[in-house]
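Work through these exercises with the structure open beside you. Try each task before you read its solution.

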Amino acid sequence: MTRKQINNILIWLATIILVIIIMIPGLWVMLSAFRPQVDIMAKPAVWIPRNLSLLQFETMLFGGSEGSMGRSAVPVLDYLINSFTISILSTVIAVIVGTMGGYAFARYNFKGKNKYFLGIMLTRTVPGISLSLPLFILFARIGLIDTDFGIIIVYVALNIPFTVWLTDGFFRQIPKAMSEVAMTDGCTKLQAFWHIELPLAKSGIASAGIFAFLISWNEFAIVSSLARSTDSKTLTVGLMDFTAQFVINWPGMCALAVVIIIPAFILTFLVQKHLVSGLTFGGVKG
Amino acid sequence: MKKFYNGPWVLILPTIIILVCIVFLPLVISLWTSFTPYKLLRPDTIYKFIGLRNYQRIFNDLDFWVAFGRTVLFLAIALNVELVIGLGIALLINKITIGQRLLRTLIMFPMMFSPILVGFQWKYIFNDNIGLLNNFLREFGVIDPIPWLVQGNLALFSIIAAEAWSSTSVFAILLLAGLLGIPRDPIEAARVDGCNAWQVFQNITLPFLMPFIFIAMTIRSLDVARAYDIVQMMTGGGPARRTELLWTLVARTGYVDAKMGLANAMSYISIFLSIAFTFFFFYKLMQSRQQLSYD
């Protein structure tokens, strides 16, 4: 064998090991969601999956059925609805507000522009848990603890900086001349924005929205402090609730993990292309 | 008034109002509270000013400094491991010509997992009784289960492993984007002039990658506090506080012990830590960008 061939084999070997380390933990959790409790607890371990079923999902979403571990103590369906309500509403508001801001930063020059931009971005550096303490004090006084509304406005604030950052970049890529031509033809500034610049930035704004949704969907530190009951707890807090039980229900938790991962899975796949460019531009080109 | 409606401010105002109400105002409340002995069970204590006494207490508190030191150590190890492995993965994928796109997608797999899911997944894998890892080791004759999350140092190691699994792909993806953008000419010229692979990497590849490394570091340092979710899920700061990080200590002091004043003082220190990390890497990014344009 030549040196080059050995090299090639080593590269492929490394790649295979890498893929295994990356994929196996997640796939193992997903597989466990469909396995019976006895197989998960079995010793020696049962490696070949058998008796796969949707039992855990039925128990979790629609209450206990025969042969399961009894009615799930965690009201997953309520959490699921909360998760969707909070994530969707906070995303829509953040995208509207953030796109307005991003457009202003891309198209206008004003005094202290860079300072404002940096100031907006700096709000993202505050750790969630640090922000949750004063929000807890504030919300307790004005009655927003444990409400969807309270958590939605917090998530809007979390998502705005990134939306501004992304949409600013997307609007910059659209030549200014296009809206200027439209305006000399008699469009108002708003019409030019609505009919020309917005449609061109559409895919960029959509991916900003997906990022915002994922941040809301995945957030834990703040919602775990501000949510107290089924009124506003989300799925991530629900997963934590499982660990507080006396006996850890592994298959149940795995099933909930699958429910949490599915939307993230689909959405990340959709923004894949924008992921790298979204993260790097502005960073390299300046 | 007409000028206001045509200017940028009407567009930026909603952003600013929301951020002031939800971030800046709470931070002011937080700062004030850190100067009071505020306890959740005695609401009137929020009006009592005690100056810097909370900060004094923190500075003399060994538990705090241990958690602080552990947090810095944790970040130093995690970020370096992520950078080195991420760079390795990027270089590896850069070499592969068939199936590169597919591999790139596979590498993004951990990015789909929220920190709480990463925590759960590794709590399950590292479980000493039924975890995948110990089951796997048993097949190779390791009969005594290894107490991954039960023994202090092992638990911290396990958490770093989980953290590295979840964040390495950010580095790999960004550095790969950087590698793909490197012009071929200087590399080939160096080869012709007799440079070996290491010299090419050190003198050409690495300087080009530097801005990408610092972008990845800056993005990463923005959410270092995601470790809170992972730790809370995997160990809750235990066993016997051996995996307590700054953020879990803040949560425990504030919500479990209900000492809000003290917790807010600690949380201010954690905020400065985050800002310091971000600023450091952002500054480095600007510097390396300038250097690249001078060369």
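The exercises below concern a predicted model.

**Exercise 1.** Find which residues of helix 3 (residues 55-62) of chain A are buried, and say how they are placed around the axis.

*Solution.* Start with the list. The buried residues of this helix are A:L55, A:Q56, A:T59 and A:M60. Next, look around the axis. These residues span an arc of only 125 degrees, so they sit on the same side of helix 3 of chain A.

**Exercise 2.** Name the residues that touch the most other members of the largest nonpolar core.

*Solution.* Begin with the core itself, which has 148 residues. The residues that touch the most other members are A:V156, A:A157, A:L239, A:L256, A:A257 and B:L175. Then check the domains of chain A. Domain 1 (3-55) and domain 2 (76-280) each give at least three residues to this core. Finish with one member, A:L239. Leaving out residues up to four places away in sequence, A:L239 touches A:M253, A:L256, A:A257, A:I260, B:I116 and B:F120.

**Exercise 3.** Describe the side of chain B that touches chain A.

*Solution.* Count first. In chain B, 70 residues are in contact with 66 residues of chain A. Helix 2 (residues 9-33) of chain B gives the most to this side, with 13 residues. Now sort by type: 52 residues are nonpolar, 14 are polar and four are charged.

**Exercise 4.** Find where pLDDT stays under 50 in chain A.

*Solution.* Take the whole chain first. Chain A has a mean pLDDT of 85, and 91% of its residues reach 70 or more. Over residues 65-71 of chain A, pLDDT stays under 50. Residues 282-286 of chain A also stay under 50. Where pLDDT is low, predicted coordinates should not be read in detail.

Conventions: Residues numbered from 1 in each chain as written. Chains lettered and ligands numbered in written order. Predicted model: local features only at pLDDT ≥ 70, side-chain atom pairs only at ≥ 80, totals over all residues. Buried ≥ 20, exposed ≤ 12 C-beta atoms within 10 Å, placed from the backbone. Helix = DSSP H or I, 4+ residues; strand = E, 2+ residues; numbered from the N terminus. Arc of directions from axis to C-beta. Core = buried A, V, L, I, M, F, W, Y, C linked by C-beta atoms within 7 Å. Domains from an automatic or database assignment. Contact = placed C-beta atoms within 7 Å. Nonpolar A, V, L, I, M, F, W, Y, C, P; charged D, E, K, R; others polar. pLDDT = per-residue confidence, 0-100.
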